[in-house]
Amino acid sequence: MNGRFCTPGDGWLHRLDTRVKVLVSLMLVVLCAWWGNWIFLSVVLVLEQVMFVADRTPARSVGAAWAVFAPIAAVVALVMALCLNDYGDVTLWRIGWWGVSAQSLALCGVVALKILDIVFALMLTVLTTSRRDWIRALGALRVPYPAASRFVDRLNWLPRWRQAVREARRRQDVRGVRPTLLSHLRRWSIAHDLMGRYDDHVVVAERLRGVYLDRGSARRTLMRPAHMRAADWIVAAAAVAVAAAAVTMIMLGW
């Protein structure tokens, strides 16, 4: 991923205005955290995958998210099942002191679905938004360029760290370092130094480009500022309508 979550692409999600993608992601996060209807959560999870497929988002990026967060959701569900011993009235099976009921199993499934829904709701924006698009969108929201640049760097900290660790491992392999606990600690130290050098290079590059000149009456301008297209407005309106319908169903007790 070259130190960033975003993967290159020209699908409809990649072309969608970043502010609209953030709106859609936040609404999905709020709705999935609020509503515990397993049918709704299942539909949202399927819809998110369909959106990735329609956008032609690289399968390796979506698969990497599944590889990390599916085991986490499974572990959380298992821990909940162990903690919800004898919860509910309909016992499905019992192993010694541990009893699993239909109610506890349903609750664990809902929590696992919520975790996956929220993760992929955020990935809809993170995996399809480049650094340039982030800064253009934040600039349109009147966020200063230095703050926008720092935000994008912090957002991509994890892939940058993984890239630094891989680079440190390659350096150790070239030197013939044997894998031991001490070599692993040394690898993390090298990765930390590489991250620091990257941050220093970013600061130098930004200063050379006058990043701190937009103070006082002088304001930075963007060559291609973000603007909403007709398709962006349609997607935003459709997302708000769907969210309003979901809130209505929640209030009616569905």
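**View 1. Asp-232 pairs with Arg-229 in a salt bridge, with 3.3 Å between the closest N and O atoms.** Welcome to this predicted model. Asp-232 counts as buried because its relative accessibility is 1%, below the 20% cut-off. Arg-229, in contrast, is partly exposed, with a relative accessible area of 32%.

View 2. Take a look at Asp-133 and Arg-136, whose closest N and O atoms are 3.7 Å apart. Both residues sit in helix α6 (residues 131-140), three residues apart, or about one turn of the helix. Asp-133 is buried at 14% relative accessibility, and Arg-136 is buried at 15%.

**View 3. Helix α8 (residues 157-175) holds both Arg-170 and Glu-167, three residues apart.** Their salt bridge brings the closest N and O atoms to 2.9 Å. Arg-170 is partly exposed at 44% relative accessible area, and Glu-167 is partly exposed at 27%.

**View 4. Helix α4 (residues 59-83) bends by about 25 degrees at Phe-69.** Do look for Pro-71, a proline that follows within four residues of the bend. An unreviewed UniProt entry lists residues 59-82 among its transmembrane regions.

**View 5. Leu-181, Leu-182, Leu-185 and Trp-188 form a nonpolar surface patch.** Together they have about 480 Å² of accessible area. Trp-188 belongs to helix α9 (residues 181-208) and is partly exposed, at 45% relative accessible area.

Methods. Residues numbered from 1 in each chain as written. Predicted model: local features only at pLDDT ≥ 70, side-chain atom pairs only at ≥ 80, totals over all residues. Heavy atoms only, no water. Patch = residues over 30% accessible without salt bridge, like charges linked within 9 Å, V, L, I, M, F, W, Y side chains within 5 Å. Areas by Shrake-Rupley, 256 points an atom, 1.4 Å probe, with all protein chains shown as cover. Salt bridge = Lys/Arg side-chain N within 4 Å of Asp/Glu carboxyl O. Helix = DSSP H or I, 4+ residues; strand = E, 2+ residues; numbered from the N terminus. Buried < 20%, exposed > 50% of the residue type's maximum accessible area, 1.4 Å probe, protein only. UniProt positions renumbered as here; feature names shortened; annotations may be inferred. Expected span 1.5 Å × (residues − 1). Bend = angle between axes of the 7 residues up to and from the residue.
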